[in-house]
Amino acid sequence: MIIIMINKISGVMPALVTPLNNDKINQEALKKLIGFLLKQKAEGFYIGGATGEGLLLSLDERKKLCEKSIEYIGGECTKIVHITDMNYKNTIELAKHAEACGADAISAIPPIYFSYDDKDIYNYYKNIAASVNIPVMIYYALSANRVMPTKLFKRLFEIDNITSVKWTNSNYYKVIELKSECPKASVINGPDEMLLCGLAAGADGGIGSTYNIMLPTYQNIYELYKKGEMKKALAEQTKADKVISVMLNHAVIPTVKLVLREMGIDVGEAASPQKQYSKEEQATIIKELKDAGLEI
Ligand code: MN9
């Protein structure tokens, strides 16, 4: 039996945007974006998830994204690679590939659109976990999944290398329950607009799309929360939420990409078939974001 050494996943980690050029990875911009976030002391990265548009990319591009991101990030930070594909064989191939590339963990969501019962979800994760010798993070996003009861999480966390969950869901009552029933589980907050709520419920960190453009704000929330300075933490969360409100009125990924381009990192447009804003729309959105307090 292989013993897996597992450090608890924690901290403030951007859900890395994938720089694209005609739906192909722009390696130079990827290096620049990672450098930009490392300079701001990102503790880890979530690669090729919803924000990274993994499900919209070809298998070859996803592998390249994984290889290059891990190479550019280097050894210090936590590297979590999202590996779900709509096709199960591809999922396992991506899981093994991520492990071979040096990922610290893989993350998966049951293929979106279809419906599953608890047994299907249990088997899905059990088989993925058995295919690698690195930790697995459950990606729990209600927009794509059915509700997973705490008893299902409990059974999943009995599997040695299932160690964490990315909680993209606003039910923090369930986070409190999960943390108390599964002490082993590391819970990573998904909704950026509620990082502080997640931390207050016991979350061990956060992963988010808007961390690409406001990382220091989320780091402040995390540090202030740890020091017990809740009023200041709430002020920082409110600052972030004003910006997020503007983004939610448009479309989050195309808007994050627009801001990064404005900051001088040419991450290109969101993958097809997502929105491409006209010049006028871009100017309006940037103005709204600046008015909401975003420093660009
Ligand atoms: O988990 C992201 N969730 C999704 C990460 O993409 C589904 C979040 O960072 C959101 O984009 C963000 C805005 O709602 O909270």
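Analyst: Asp-23 sits in the loop that links strand E2 (20-21) to strand E3 (24-25); helices (H or I, at least four residues) and strands (E, at least two) are DSSP runs, numbered from the N terminus. The model is a predicted one, in which local features need pLDDT of at least 70 and side-chain atom pairs count only at pLDDT 80 or more, while totals for chains, interfaces and linings use all residues. Residues are numbered from 1 along each chain as its sequence is written, and side-chain values use heavy atoms, with hydrogens and water left out.

Most residues other than glycine have a negative phi, and most peptide bonds are trans. Against that background, Asp-23 has a positive phi near 65°. Its relative accessibility is 28%, so Asp-23 counts as partly exposed; the classes are buried under 20% relative accessible area, exposed over 50% and partly exposed in between, with a 1.4 Å probe and protein chains only. Tyr-113 also has a positive phi, near 90°. This tyrosine belongs to the loop between strand E6 (105-108) and helix H4 (118-131), and with a relative accessible area of 74% Tyr-113 is exposed. A cis peptide bond runs from Ser-272 to Pro-273, with omega near 5°; Pro-273 lies in the loop between H10 and helix H11 (279-291).

E4 pairs with strand E5 (residues 78-82) in the parallel sense over four bridges, where pairing requires at least two DSSP bridges between the strands. E5 is joined in turn to E6 by three bridges, and the two strands run parallel; here Ile-80 stands opposite Ala-105. In E6, Ala-105 and Ser-107 face one way and Ile-106 and Ala-108 the other, all of them buried.

Which residues line the largest cavity? The lining is made of Ile-47, Gly-48, Gly-54, Arg-62, Leu-65, Cys-66, Val-81, His-82, Ile-83, Leu-94, His-97 and Ala-98. Helix H2 (59-73), E5 and helix H3 (88-101) are the elements that each give two or more residues to that lining. By class, it has seven nonpolar, four polar and one charged residues; Ala, Val, Leu, Ile, Met, Phe, Trp, Tyr, Cys and Pro count as nonpolar, Asp, Glu, Lys and Arg as charged, and the others, Gly among them, as polar. About 80 Å³ of space lies in this cavity, and the search of the whole structure finds one cavity of 30 Å³ or more. On a 1 Å grid over the protein atoms alone, a cavity is a set of points where a 1.4 Å probe fits but cannot get out, a pocket is an open set with protein on both sides within 12 Å along at least five of seven lines, and lining residues have an atom within 4 Å of a point. Points are joined across faces, edges and corners, and a volume is the space filled by probe spheres set on them.

The largest pocket has a volume of about 710 Å³. Among its 34 lining residues, Ala-50, Thr-51, Tyr-139, Thr-168 and Ile-253 are the closest to the centre. Strand E7 (136-141), strand E8 (162-168), strand E10 (205-208), helix H9 (230-249) and helix H10 (252-262) each contribute at least two residues, with H10 giving the largest share, three residues. This lining holds 18 nonpolar, 12 polar and four charged residues.

E8 also contains Ser-164, which counts as buried at 1% relative accessibility.

Aromatic contacts complete the picture. There are nine aromatic pairs, a pair being rings of Phe, Tyr or Trp (its six-membered ring) with centres within 6.5 Å, stacked if the planes are under 30 degrees apart, edge-to-face if over 60 and tilted otherwise. The ring centres of Tyr-140 and Phe-153 are 5.2 Å apart and the planes stand at 85°, so this pair is edge-to-face. Because Tyr-140 lies in strand E7 and Phe-153 in helix H5 (residues 150-156), the pair ties together parts 13 residues apart in sequence.

Lys-166 lies over the face of Tyr-46, at 5.2 Å from the ring centre, and Arg-155 over that of Tyr-122, at 3.9 Å.

Conventions
Lys NZ or Arg CZ within 6 Å of the ring centre and 35° of its normal.
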